[in-house]
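These are my notebook entries on one protein chain. I set down what I looked up, entry by entry.

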Amino acid sequence: MYQIRLIRSGTFLWALAVAAAFALFVVALFAFIYWKLDDYLVARSDRMITTQIHFVADLPPARRVSAIADHLAQDSRGVQYAALFDAAGARLAGNIDRLPRELGLDGAVQGVPLDLLEKAAARVPVVRAVGRRLDDGDILVMGRNVDETREISSVVGEALALGLLPAFSLCLLAGVWLSVRAQRRVEEVNQRVQRIVAGELRERLPEGSTDDSFARLAGIVNGMLDEMETMINALAGVGNDIAHDLRTPLTRVRLALERGRTHAATLEELQDVSDKAIAGIDQSLAIVTALLRLTEIENNRRMAGFGDVALDEILREVCDVYEPIAEDKRIGLGVVIERNVQVWGDRDLLFEAVANLVDNAVKFTPSGGRVELALEAEDDTALVRVSDTGPGISEQEREAVLRRFYRSDKMRNTPGVGLGLSLVAAIVKLHGFRLIIGPAPGGRIEILAWTGKAGMPITRRSRTLLHADASRMG
């Protein structure tokens, strides 16, 4: 079964097709080489015998016989032919027995069969020959055997067989290796996907060390799995969290109404009961409104309103809004801005994010402490920092505080619903920025923003840079 899958795999079939195309190309190449070599050798033979017949024809009649004899004597391979005939066609000298009837005497080279004096061969050879009638009436014939091209054909054929078969086999082996490698990777992916489907949400696809298309796809899928795991883990307890946070104000409303019905005797007492019930209902509505707001932000419904936003103006406005609240708690509130910075985003959402951070800082900083907003910029990045002298967030709680309705035990008695940082995280994620929570003691939360219009794409490389920035700043 494995061998059948291997043969039917796309990688192997493509390798087979490439090997076949390569073989056809090599055959065509060798055929072209043979054809060009054959033409070259024939043309060279024609030029040679033409030069030779001109040389012999220009000799005095008395020297022609000896010149032909010397010419044939120097032919060690036996491929040269020459003969001198009288006007009647009788042979006077040379190794050609009879004058070929097909041979023209106009000095043009052509292929003709020759009758030789020594008939060692079983067949009459076809040679390239040229004939010329001399001034004294004699006929001079010279030729050359071009059958050596068949030897070249044999050499070319052997070279083709020796070169083509190993190359074809190498292509097939490469196809088998690539197919096996691809099948192993796919099989590993299948096994891990099956484990993910079975509930192992921490399982991830193998990315490997090479930066190929498969590794990039695995990186994208792993990023998607990270988001899915975060969402599933958040949804796993969100129902209980909502029920728990809504039960408290609704219970208070019920108790207030029940006591008012039983004990209220005057109009003022009924109004007091109503005020308490309205406050509890308002708290429940605030939780529902915050959840709807968080869902709206996470669904990216506000990206159509993006534009250039001045971060320095937002920090100044937030500082102006919370300065009276900080003074009431005797907390110092200040803002430090290096230079004006613009980013691409939704102004209202960014204002809400910074305001939530400042609200938390003022809420959890003890009386006499200090809260500071800072804006730093370098190259194409901007850093918004909200720091305070409060208890801060411990390292164990850095991820937990971003979950919906999370509230640490020491903050249970502080007003709030536990959705502030979840809203901030959702807004930061919508803009493609980075939220960095600093270590305790002292609270410090930073937003790393990109000043480019399109933001920074979330790729494997950018995720690495973000983690490095987090380590450096956190």
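**Entry 1: the whole chain**

How many helices and how many strands does the chain have? I noted first that the model is predicted. I then counted ten helices and twelve strands in the chain. The chain has 474 residues, and 39% of them count as buried. I looked up its accessible surface, which comes to about 27800 Å². Carbon and sulfur atoms hold 57% of that surface. For contacts with a separation of 6 or more, I found that 64% join residues 24 or more positions apart.

**Entry 2: helix α8**

I next turned to helix α8, which runs over residues 347-364. Does the distance between its end C-alpha atoms agree or disagree with the expected span? The helix has 18 residues, and at 1.5 Å a residue it should span 26 Å. The end C-alpha atoms are 26 Å apart, so the two values agree. At the start of α8, I found a side-chain oxygen of D346 within 3.0 Å of the backbone nitrogen of D348. I also listed buried residues of the helix, among them L349, L350, E352, A353 and V354. Further along α8, N356, N360 and V362 are buried as well.

**Entry 3: R64**

Is R64 buried or exposed? I located R64 in helix α3, residues 61-73. Its relative accessibility is 7%, which is under the 20% cut-off, so R64 counts as buried. The side chain of R64 reaches the backbone oxygen of L59 at 3.2 Å. Leaving aside neighbours within four places in sequence, I recorded contacts of R64 with V56, A57, L59, L84, L134 and D136.

**Entry 4: a nonpolar patch and L37**

Which residues make the nonpolar surface patch of about 780 Å²? I listed F22, F25, L29, F32, I33, W35, L37 and Y40.

**Entry 5: R330**

Where does R330 lie? I found R330 in the loop between α7 (311-328) and β7 (332-337). At 64% relative accessibility, R330 is over the 50% cut-off and therefore counts as exposed. I then looked up its backbone: phi of R330 is near 55 degrees, a positive value in a residue other than glycine. Most residues other than glycine have a negative phi.

Note on methods:
Residues numbered from 1 in each chain as written. Predicted model: local features only at pLDDT ≥ 70, side-chain atom pairs only at ≥ 80, totals over all residues. Heavy atoms only, no water. Helix = DSSP H or I, 4+ residues; strand = E, 2+ residues; numbered from the N terminus. Expected span 1.5 Å × (residues − 1). Buried < 20%, exposed > 50% of the residue type's maximum accessible area, 1.4 Å probe, protein only. Polar contact = N/O pair within 3.5 Å; in protein donor to acceptor, adjacent residues only side chain to side chain. Patch = residues over 30% accessible without salt bridge, like charges linked within 9 Å, V, L, I, M, F, W, Y side chains within 5 Å. Areas by Shrake-Rupley, 256 points an atom, 1.4 Å probe, with all protein chains shown as cover. Salt bridge = Lys/Arg side-chain N within 4 Å of Asp/Glu carboxyl O. Contact = heavy atoms within 4.5 Å.
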